[in-house]
Amino acid sequence: MTEPAGNMPIDAKIKPPMTSLLYQLADDDFILAYRGSEWLGLAPHIEEDVAFSSISQDTMGHAAMFYQLLADLGEGNVDSLAHARKTSERRNAVLLELVNGPGHYLSSAQYDWAFAVVRNYFYTQAKKIRMDSLKNSSYQPLAEVALKVNMELYYHLLHWKTWFIQLMQAGGEARTRMEAAIGRVLADFEGVLNLGPLAKEMAEHGLIEKEEVLKQRWLFIMKPVFETVKLAVSEADLAMKTGNGRIGEHTADLDDALSTLSEVYNINPAASW
Amino acid sequence: MSEALFFQEMTEEQKYGQFMKRINAGEKIEADDWMPEDYRMTLIKLISMHGISEIMGALPEKEWVPKAPSLKRKLGIMAKVQDEMGHGQLLLRVAEDLMKPLGKTREDIMQDLFSGRLKFHNVFHMEAPTWGDAGLIGWLVDGAAIITQTNMLNASYGPYARALKRICAEEVFHAQHGEAIIMALAEGTGEQRAMVQDAVNRWWEALLMFFGPGDASTTGTSKQDTTIKYRIRTKTNEDLRQDFFTKYIPRVLSLGLTLPDETMHFDQERELWVYKQPDWNRFKDIIKNNGPKSQERLGLRRTAYDTNKWVREALNTAN
């Protein structure tokens, strides 16, 4: 087991893949929780508003735990990691930064619930697989966080899966909208499954399993679900059309999101809020 | 059984007499119990307004959820607004049960909101342009809400009293969350302090209005006499406003903040706070959805409701 920072310095060879992995985990959850928070008050019904905001809150909590692990490795304090890094420094998958739909979250929002359901469901399943793998990570502090995250993920997954199946089986307009959303999500889902340029080193040091293993696991778990809703999805449908967030490629959607979420922080980053 | 038969044979007047006897004895009325029309209608109006206000109340804070300046604050405000939505849900369920005999549903509540028949609290029509407002809403608006809701904790209508018990427990956390934001700002930079003072100035009149007019002479109507008669509440609007002053004025002043009312003082002899009345005509106008943010927030809700129509239809197909 690798010792946590603070007890002894981490092996210089392990640190780059380790921080690379942590940035991906933290940034993925952070930006998706942000997108979730924009939905507040706009979900299809009040019960869903309560459930979805609870999930977003959990997800933001997970991001905070991952940022804390980075802070423990000397990467800076959690709030500057979350608020002050530029677009090109972010390592989240591009899919997770895309806007919820047309309009602004305070005035003209016409958000797409089908996109919300598909993006959250597919991502949450991938995250669950990742956390299961991380429970055995050679980096003990990460394994401990994964264990905590996993407890909440069970409910998130159940929630999104229920929505997914229900809307897919409703037929009509719902089915059409869901299929369109699935097309959009798959077109960038490779970017979620991707672990970036240091994936090989991550696996070599036992931080997480191999990217390909995790990807096949996702396909394997999703297969019966796709069969249930009579949808043909194959590995060839997974793409990374809009860019690879793991190497800092991002869209203008992320620029806008970062300027909103850091608006107050940027009034005075040194101040206590 | 025989008692039930006996009850059926009573005249409306006898039923009313027995109902008032139960209320005055401190008994709880439950959803399926007989109740006078007047009581039912008063409760529907009060509880659906309370419920929808919790939901509309998420919107002024919504702006600040993504913008909260640290991870801790982001988590705090997310939790808080989620609670408010949960309160809305809880209360609408209580209102729905009361509306059932009238053949009305959640859909009617939403349509009444959009058409302006169902009003929401004056404070949620107001602007919240800075992070200072986000803190102030938690601290003083929720603080005011605790005072009005505590006043109804022993409400004669059981389902409402039980919902309020849970709501009040959570509101205490909200007020602490708001107070923590305000304290950080008040102890912070000059700019941060100015942010809080601006928010206090901006919200003061709306906070006074929050408790409602002192009596019917101010705005033409007041439900407070009916709600007191039916033991839904105990104190008057003015009692509650005075309680708010007593609790919060010392706290506001102790942070070095000022109140935008030079006449405000405690009259030792009469043992009450003397203050400048808010503009009650403006209050009437605001709750008619003519406040600074009324139309924008209703529009946001309405657009979301329309955009998600297909989802509700799909759920109806599935069920």
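User: Among contacts in chain A between residues at least 6 apart in sequence, what percentage join residues at least 24 apart?

Analyst: The model is predicted. Two residues count as in contact if their C-beta atoms lie within 7 Å. Taking the contacts in chain A between residues at least 6 apart in sequence, the share that joins residues at least 24 apart is 76%.

User: How many helices and how many strands does chain A have?

Analyst: Read along the sequence, chain A follows the pattern α-α-α-α-α-α-α-α-α-α-α. The secondary structure therefore comes to 11 helices and 0 strands.

User: Which radius of gyration does chain A have, and why does it agree with a compact globule?

Analyst: The C-alpha atoms of chain A fill a box of roughly 60 × 45 × 30 Å along the principal axes. A compact globule of 273 residues would have a radius of gyration near 19 Å, so the value for chain A agrees with it. That value is 18 Å.

User: Which element gives the most residues to the side of chain A that touches chain B?

Analyst: In chain A, 47 residues are in contact with 42 residues of chain B. Elements that give two or more residues to this side of chain A include α1 (15–38), α2 (46–72) and α6 (140–169). With 12 residues, the element that gives the most is α2(A).

Notes. Residues numbered from 1 in each chain as written. Chains lettered and ligands numbered in written order. Predicted model: local features only at pLDDT ≥ 70, side-chain atom pairs only at ≥ 80, totals over all residues. Helix = DSSP H or I, 4+ residues; strand = E, 2+ residues; numbered from the N terminus. Rg over C-alpha atoms; globule rule 2.2 N^0.38 Å.
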